[in-house]
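Hi,

Here is the structure I said I would pass on.

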Amino acid sequence: MRASPSLQACDVLIMGGGPAGSATAALLAERGWRTVVLEKDRHPRFHIGESLLPFSLPYFDRLGLRDDLERIGLRKYAAEFHSMYHGKSKHFEFEEALDGTYPYAYQVRRAEFDHLLFRHCAAKGADAREGWRVTQAELRDHRIVWVATVDGQGVEQRWQARFYVDATGRDTFLANLLGTKERNRRHSSAALYGHFLGAQRNSGRAEGNISIYWFEHGWFWMIPLKDGTMSVGAVCAPLYLKSRKVPVEQFFFDTIALCPGVRARLTEAQLMGPVTATGNYSYASRRSHGENFLLVGDAYAFIDPVFSSGVHLALRSAFLGAEAIDTILRQPDRAASELKRFHREVTRGLRTFSWFIYRITTPAIRDLFISPRNVFGIQQGIVSLLAGDLFRGPMLGLRLWAFRMIYYVKTLVLFRQSLAEHRRRQRNLAL
């Protein structure tokens, strides 16, 4: 007869040791809770998403990791947008945001960055385990009763915790189990990406800038890393990716050839390693929490990488989640209000970014980003958005509202081009 899995207990069980899981664990362990983090892989492991935002720096300061970031990262002072349609570019310097306190961010190798956060939560007292995969969970009503896991040697265990956190990223463990994961009906995109050595880089203070290039089928990112490599990716319409008839590496180079700015910067570059292709990856869960669990970071939702918002929103949800969990464990009668506040704040950041993400390839957005006017402080508002300063309230909200109004007027002025883009977008959403 097969032996029953052993039963382990803790205060908080966190499933996933990426940025959201590790940050949540560090904050809770620091407050004295018995916190266990189970990561399916072993650090360091590859992950895409190398560009951080300036307003993530307060989170790193709170965690005590700013010096470590300076060691592993390349400073990024601006976001550059390049338009082949206009024949020019625009640099948005982060120091020009409404709050210029954080004038730069970092470009990081995610393998190093994620490993740094994972080691940090262990140093804070969390029981951080690698090679542990979550396989099952028992739910009753709106509560998790237990979670089943298997370690690297194939040994099965069950865990009972007072609270659970799903930080499994795009594996979306609980959203899949609950049946709450939904494809984003308003956005559809796919991506191809790889890393190059010898790509043309900016000089001086601008070396670490992220570069965004619009092209016929979407947009490119170019992210310079401290070790001399360049992360290059094309985010494009799924219909375009479905048109591939050649090997993925050749298709990637064919796509690069469609964007003169990117092609020029890669003329002398060498591809390092394989090219990766991903299908439509924009999704969200209908639920962000239950009575004794939360979904943080990409385990709850992921939209698009255009504004480098993934790690920033993951860290914000981690801080909000840790605060809510600490309060709930100490004062159970406040659970309902804390969970409601967590959901409201997490979705607020997603909504703000989403409006711009859904429209990033439209003719009106291209015009407004390439030739901005600072009427009503709108350009400062856009820089604040790009810096991740989303939670300023009316000061930012009014500027972004004004930008939206101008966008709608611009869309009417560019009616024919806007209609063509809308139809293309609808075809992709229908896939």
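Before the notes, one term: a contact means heavy atoms within 4.5 Å. Also, this is a predicted model, where local features need pLDDT of at least 70, side-chain atom pairs count only at pLDDT 80 or more, and totals for chains, interfaces and linings use all residues. Residues are numbered from 1 along each chain as its sequence is written, and side-chain values use heavy atoms, with hydrogens and water left out.

Let's start with Y213. It sits in strand β13, residues 210-215. (Strands are DSSP runs of E, at least two residues, and helices are runs of H or I, at least four residues, numbered from the N terminus.) Y213 counts as buried because its relative accessibility is 6%; buried means under 20% relative accessible area, exposed over 50%, and partly exposed in between, with a 1.4 Å probe and protein chains only. Leaving out residues up to four places away in sequence, Y213 touches H82, G218, W219, F220, M222, C259, G261, V262 and R265. With R265 there is also a polar contact, side chain to side chain, at 3.0 Å. That term means a pair of N or O atoms within 3.5 Å; within protein, one must be able to donate a hydrogen and the other to accept it, and residues adjacent in sequence count only if both atoms are side-chain atoms.

Across the whole structure the search finds 0 disulfides, a disulfide being a pair of cysteine sulfur atoms within 2.5 Å.

Next, helix α12 (residues 378-387): 9 of its 10 residues are buried, so the rest of the structure largely encloses it. Those buried residues pack against β4 (78-83), β5 (88-93), α10 (335-358), α11 (363-370) and α13 (394-413).

Strands pair if DSSP finds at least two bridges between them. β17 (residues 283-285) joins β20 over 2 bridges, and A284 stands opposite A301 in β20.

Cheers
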